[in-house]
Amino acid sequence: MDKYCVFGNPIAHSKSPDIHAAFAAATGQQLTYEKRLAPLDAFAQAVQAFIAEGGRGANVTVPFKLEAYRLANALTVRAQAAGAVNTLLFDEHGITGDNTDGAGLVADITANAGVPIAGKRVLLLGAGGAARGAVLPILEHRPAALVIANRTVATAEALVQQFAPLGGEGVVSACGFAGIDGRFDIVINATSASLQADLPPIPASVFREGTLALDMMYGKEPTVFMQFAAAHGAIVRDGLGMLVEQAAEAFHGWRGVRPATAEVLAKLR
Ligand code: NDP
């Protein structure tokens, strides 16, 4: 049995073992996947111990994505661009770091929600780790415009500097929440405001009838962002589809097989 796990702190809430068990059963892959609580000051040691036990790969969640980025001795292009790692692969070359969050987000928007990004106006709220990981995968789908709005404008501007040479020239721009101008086809909340039941102070005029509004957060109830967007005509989605899709992308990287996601997502809901 090949061994995989997810590292985090806390980790009890993680749905990843259920998701990967379902993928393994559906694709006939022989593997185990468990939760591992890594001590806050000993993430690298926890990873090394897992490798010594024969671990083949791992997912990484809060608060270790930056540490995982530093620990990897090779990085995929998208992990490099994201500056964070959520997927580790262990083999004879050492530790490879990947970031599947952005690809998961884009797969959820385009395949699950059925909304193409090409030619669309996209508003990305937030400029933290999750937002940074989303920029390159969004740009690869050639949106007409990608506006990154953040509470701290300088952080959003730094993302524009980083991604303009990577296909974002003339497409990506930055502003504060008060400076958001015009309507958007897709609005993504990549701030952590929903965790405190906060709404980023965005104008309702960003939404039109049928705008796709996606909050990366997920839970039992719609977030305040989802409620606000729905009240202004948007079609809303939480981050559960993104979670399942980033897991599928990680599974593909480890096993070379892409699992179907629809059934797993429906079961989680
Ligand atoms: P970070 O801590 O790296 O970034 C937080 C971002 O939110 C920053 O841009 C910050 O702005 C902004 N922010 C925080 N509080 C507020 C507020 N009250 N009002 C407005 N903006 C605020 O977090 P991550 O990028 O790692 O995560 C962001 C969200 O995405 C979380 O909710 C997380 O759960 C979710 N997520 C979901 C995934 C999934 O698979 N569904 C995967 C990864 C993340 P500033 O720069 O000004 O501080």
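Predicted model: local features only at pLDDT ≥ 70, side-chain atom pairs only at ≥ 80, totals over all residues.
**Backbone exceptions and one buried aspartate**

Where is Arg-142 found? In the loop between helix H6 (129-139) and strand E8 (145-149).

Now Ala-197. Here too phi is positive, near 55°, in a residue other than glycine. Ala-197 belongs to the loop between strand E10 (186-189) and strand E11 (212-215). Buried or exposed? Ala-197 counts as exposed, because it has 10 C-beta neighbours inside 10 Å.

Why flag these angles? Because most residues other than glycine have a negative phi, and most peptide bonds are trans.

Asn-9 to Pro-10 is cis, with omega near 10°. Pro-10 lies in the loop between strand E1 (2-8) and helix H1 (16-27). Val-62 and Pro-63 are also joined by a cis bond, with omega about 5°. Pro-63 sits in the loop between strand E3 (55-60) and helix H3 (65-71).

Last stop, Asp-101. This residue lies in helix H5, which covers residues 101-112. Asp-101 counts as buried, because it has 32 C-beta neighbours inside 10 Å. What does Asp-101 touch, leaving out residues up to four places away in sequence? Asn-86, Ala-130, Gly-133 and Gln-246. As for Phe-163, it is 62 residues from Asp-101 in sequence and 17 Å away in space, C-alpha to C-alpha.

Conventions
Residues numbered from 1 in each chain as written. Helix = DSSP H or I, 4+ residues; strand = E, 2+ residues; numbered from the N terminus. Buried ≥ 20, exposed ≤ 12 C-beta atoms within 10 Å, placed from the backbone. Contact = placed C-beta atoms within 7 Å.
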